Amino acid sequence: MLTLRKADDRGTSAFAWLDSRHSFSFGRYQDPEHTGFGPLLVLNDDRVTAGGGFSEHGHDNMEILSWVMDGVLEHRDSTGSHGILRHGTLQRMSAGTGIRHSEFNHSKSEPVRFLQIWIVPDKAGHDPRYDDRHYDPESFRNQLRLIAAPATEVDPAEPGTEQAEALSVHQNARVLVTRLDAGKSVTYAIGQGRRVWVQVALGTGTVNGTEVSEGDGVALTGESLLDLSTSDGAEFLVFDIAE
């Protein structure tokens, strides 16, 4: 079954420095029909003005990922970690027993746009941890690239492989990305007992034959194959989650 979540149907939050679109309930936007997709709890499309950002605040017991689509994002947290994130960089913050952090637009003149992703962990009480990793855009051009996976699937003993270079999350969930050139397509086998959420980060295309536009989300349940294509160019994030 395929369910389309149109970009214009998402919830919104607007401040002087932030324009945010919520695929699922978040903050003051509460929609009982859209409260997450399994452990994928939050999927926000955030646009932050030059010099703006989220001042220091706390989280616990949540896996928080950020994927920059345009601009430069700066991260600091209570573990002493500091990151400068550009397109192609995935940030993973495991809030665990508690962490405080800030996220700011690194530029004083240009906006930054990124996806803020929250995944409920497999259990409470993990140690807080921060990681980020940059993936060469050529490594996900016209192919799906694994960028996050359960810790049991991340194998540092195989350097240079996707399994070694993916960031680990405390959940049975995988995140993949592709940027397709005009006229290109990719397919992905969906395992038994898995479901998939596709987020159209940039551009337009099709998901299993259904036309989609930037900001749209697609839920796939009970399907065995994912087919992504585009006529004009597009970037997709794929969340492969155990049912």
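This is a predicted model: local features need pLDDT of at least 70, side-chain atom pairs count only at pLDDT 80 or more; totals for chains, interfaces and linings use all residues.

## A quick tour

Zooming out, the chain's secondary structure comes to one helix and 22 strands.

**Leucine 146 up close**

- Is leucine 146 buried or exposed? With a relative accessible area of 8%, leucine 146 is buried, because buried means under 20%.
- Leaving aside residues up to four places away in sequence, leucine 146 touches Tyr135, Glu162, Gln163, Ala166, Arg174, Val175 and Leu176.
- Alanine 164 is 18 residues from leucine 146 along the chain, and their C-alpha atoms are separated by 10.0 Å.

**The chain as a whole**

- How does the chain's radius of gyration sit with that of a compact globule? For 243 residues, a compact globule would have a radius of gyration near 18 Å, and the chain's 17 Å agrees with that.
- If you draw a box along the principal axes, the C-alpha atoms fill roughly 45 × 45 × 40 Å.
- Of the 243 residues in the chain, 53% are buried.
- Take the contacts with a separation of 6 or more: 72% of them are between residues 24 or more positions apart.
- The chain exposes about 10700 Å², and carbon and sulfur atoms supply 46% of that area.

**The nonpolar cores**

- The largest nonpolar core has 27 residues. The residues with the most contacts inside this core are Leu40, Trp67, Leu90, Ile117, Trp197, Leu237 and Phe239.
- Which strands each supply at least two residues of this core? They are S4 (40–48), S6 (63–70), S11 (112–119), S13 (145–150), S14 (167–169), S15 (173–180), S17 (194–203) and S22 (234–242).
- Another core lies apart from that one; it has 22 residues, among them Val154, Ala166, Leu180 and Val186.
- Back to leucine 237: not counting residues up to four places away in sequence, leucine 237 touches Trp67, Leu115, Ile117, Val175, Leu176, Val177, Trp197, Val198, Gln199 and Ala201.

**Serine 66, inside a strand**

- Serine 66 is found in strand S6, and at 3% relative accessibility serine 66 counts as buried.
- What does serine 66 touch, not counting residues up to four places away in sequence? The list is Leu73, Thr89, Leu90, Gln91, Phe114 and Leu115.
- Serine 66 and valine 198 are 132 residues apart in sequence, and 16 Å apart in space from C-alpha to C-alpha.

**Two asparagines with positive phi**

- Asparagine 61 isn't a glycine, yet its phi is positive, at about 50°. You'll find asparagine 61 in the loop between strand S5 (53–59) and S6.
- Asparagine 61 counts as partly exposed, because its relative accessibility is 27%.
- Asparagine 142 isn't a glycine either, and its phi is positive at about 60°. The spot to look for asparagine 142 is the loop between strand S12 (129–134) and S13.
- At 25% relative accessibility, asparagine 142 counts as partly exposed.

- Threonine 221 is in the loop between strand S20 (217–220) and strand S21 (225–229), and its 24% relative accessibility makes threonine 221 partly exposed.
- Not counting residues up to four places away in sequence, threonine 221 touches Met1, Phe37 and Arg195.
- Threonine 221 and valine 196 are 25 residues apart along the chain, while their C-alpha atoms are separated by 6.7 Å.
- Where does aspartate 155 lie? Aspartate 155 is in the loop between S13 and helix H1 (162–165).
- With a relative accessible area of 32%, aspartate 155 is partly exposed.
- Aspartate 155 touches Gln163 and Ala164, again not counting residues up to four places away in sequence.
- Aspartate 155 and glycine 183 are 28 residues apart in sequence, and 34 Å apart in space from C-alpha to C-alpha.

Notes:
Residues are numbered from 1 along each chain as its sequence is written. Side-chain values use heavy atoms; hydrogens and water are left out. Helices (H or I, at least four residues) and strands (E, at least two) are DSSP runs, numbered from the N terminus. The radius of gyration is taken over C-alpha atoms; the globule rule is 2.2 Å times the number of residues to the power 0.38. Buried means under 20% relative accessible area, exposed over 50%, partly exposed in between (1.4 Å probe, protein chains only). Contact means heavy atoms within 4.5 Å. Accessible areas come from the Shrake-Rupley method with a 1.4 Å probe; for residues, only the protein chains shown count as cover. A nonpolar core is a set of buried Ala, Val, Leu, Ile, Met, Phe, Trp, Tyr and Cys residues joined through side-chain atoms within 4.5 Å.
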